[in-house]
Amino acid sequence: MEQISLFDREMPQPLAAKLRPGNLEEYVGQSHLLGKGKVLRRLIEQDQVSSMIFWGPPGVGKTTLARIIANKTKSSFIDFSAVTSGIKEIRTVMEQAEKNRQYGVRTILFVDEIHRFNKAQQDAFLPFVEKGSIILIGATTENPSFEINSALLSRCKVFVLQALATQELKGLLSRALADSRGFGNQKVKIDEDLLEMIAVFANGDARNALSTLEMVVLNGEMDAEGAVTVTRETLEQCTSRKSLLYDKKGEEHYNLISALHKSMRNSDPDAAVYWLARMLEAGEDPLYVARRVVRFASEDVGLADSRALQIAVAAYQACHFLGMPECNVHLTQAVVYVALAPKSNAMEVSYNEAKEDAVKDLAEPVPLVIRNGVTGLMRELDYGKGYQYAHDTQEKLTNMQCLPDALVGREYYRPAGMGEEEALVKRLAEIKAWKKAHAAKTEAEL
C-alpha cells in the first residue's frame with residue numbers, strides 16, 4: 001500500500017491563483033489589446049492565434065492571458081517554463097507537437113520567462129515554428145528586441161502588456177472581497193482609502209495587490225462574530241513600511257514626486273534626498289522614482305551635463321537588479337548628481353516647439369535633396385539629386401536645406417550655455433556662420 005506523506009496533501013492556493021480569470025470577461029486590464037473589436041481579442045475569439053510574445057512587467061496577466069487562450073482554442077495546449085526546462089525537454093515537447101501536426105491537431109506552446117532561454121534553446125523552437133508544428137506564445141518581462149533571437153522574433157507578433165491602472169487594481173481588490181473564491185463568504189471591513197493604498201503601492205502588479213490584500217485580511221482583527229477589520233496599522237505591519245497619506249486620487253503621491261523634481265531643478269540636493277527618502281521609506285516603487293530621474297536628466301539637465309542621463313539610467317538598472325533596500329544608495333547618487341548638475345531645459349523646449357510645427361504641418365514634403373532615391377523612378381523624379389555627403393568635405397559641413405520649405409530658418413535647439421552647453425553655443429554659432437557664408441557664396445555664383 002502506498003504511503004501518503006504530509007506533502008501529498010493539497011496545499012491551499014494563494015488568492016491570486018484562486019481568482020485567476022478563466023475568460024476575457026473576467027480579465028482585468030489591457031483594454032488596448034482586449035477591448036471590444038481590438039485585434040488580440042478578435043484573434044482569440046475567432047481561434048486564429050499565431051505565434052506571439054507577451055511583453056510586460058510582472059503581474060499584468062501574461063500567463064493568465066495564455067491560459068484564457070488555452071480555454072478558447074481547439075488546439076493542444078502545452079505549458080512550458082524556461083526556468084525549469086532545457087534542450088532535452090524542448091525536444092520531447094517538439095516531438096509530441098510534430099505528432100499532433102501529423103494528425104491535424106495544432107499545438108500551442110506557452111513558454112513563461114522565455115528570455116531565460118539561451119540562444120541554443122531558443123533556436124530549438126525555430127524550425128517547428130517555421131513549419132507550423134507549434135504556435136509559440138512566449139511571456140517575458142524583458143525587451144524582446146534584446147532577449148529574443150531575431151530569427152524567432154521575426155516570426156512572432158509582439159503584444160505589449162501595460163501595468164494595471166490604480167482604478168483597475170482597486171476594482172480587482174473589491175471583487176476579491178466580494179467573490180466567493182476570495183473573501184466573499186467572510187465579512188471583511190476595510191476602508192476605501194486602504195484599498196486605494198494597496199492598489200497604488202502594487203504599482204500595476206495585480207499579483208502583488210492580491211497578495212497584499214490576502215496578507216492584511218489574514219492578519220486583521222477578528223471580532224466574536226468572525227468579522228475581520230483591517231486597519232492602517234495592520235497594513236503598515238504586513239508591508240513593513242509606513243504608509244503614505246494617499247487620498248482617493250493619489251494626490252500625495254504626485255505631491256511627493258513633484259517635491260523631488262522641483263528640489264532637483266532648484267539644485268537643492270538636501271531637499272531632494274529628503275523627498276527621495278520620504279517616498280522610498282513609505283514604500284514607493286524605486287523603479288518609478290528612477291524613471292522620473294531619467295526623465296529629469298534630459299528634461300532639466302540635458303547637454304549641460306551629458307553624463308547625467310548615463311548616471312540616471314545606470315541607477316535605474318541598479319534598482320532593477322537589486323530592488324529595495326539595496327538600491328536606495330544608487331538612487332541617492334543619481335538624485336544628488338542631477339541636483340548639482342548645471343541646468344538646461346533646451347531639450348524639452350526644442351522638442352515641444354518642433355512638435356508644434358510637426359503637428360501643424362504633417363504634410364510638409366521632405367526636400368528632394370535628402371530623399372532616398374532607391375529606385376530608377378525615384379531618381380528620375382530627382383530624389384536625392386544634389387545630395388552632399390558631409391564626410392567628403394574638409395569641414396564635415398554642407399549648406400544643404402534639410403528643413404521643409406515652409407520651415408526654412410526655424411530654430412528649435414537653443415543651448416542655454418550652462419555647463420557643457422557653453423562649448424555647444426560656440427560650436428552652433430560656428431556652424432551657422434559657415435552655412436550663412438557658403439549660402440551667400442552659392443547665390444553669388446548663381
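Begin by selecting strand β8, residues 228–230, together with strand β6, and you will find that three bridges join these two strands, which run parallel. Keep in mind throughout the tour that what you have open is a predicted model.

Staying with this pair, pick out V188 and then look across to β8, where the bridge partner of V188 is V228. Strands of a sheet pair through backbone hydrogen bonds, either parallel or antiparallel.

Next, select helix α12, residues 232–239, and find Q237 within this helix. Is Q237 buried or exposed? Its relative accessibility is 63%, and because exposed means over 50%, Q237 counts as exposed. If you then select K88 as well, you can follow a separation of 149 residues in sequence between Q237 and K88, while their C-alpha atoms lie 46 Å apart in space.

Finally, colour the protein chain by pLDDT, for which the mean is 84, with 92% of the residues reaching 70 or more. Among the elements of the chain, the highest mean pLDDT, 96, belongs to helix α17 (residues 328–340), whereas the lowest, 77, belongs to helix α19 (residues 376–380). As a last stop, select residues 245–249, where the pLDDT is below 50, and note that this stretch has 14 contacts in the model beyond near neighbours in sequence.

Note on methods:
Residues numbered from 1 in each chain as written. Predicted model: local features only at pLDDT ≥ 70, side-chain atom pairs only at ≥ 80, totals over all residues. Heavy atoms only, no water. pLDDT = per-residue confidence, 0-100. Helix = DSSP H or I, 4+ residues; strand = E, 2+ residues; numbered from the N terminus. Contact = heavy atoms within 4.5 Å. Pairing = 2+ DSSP bridges. Buried < 20%, exposed > 50% of the residue type's maximum accessible area, 1.4 Å probe, protein only.
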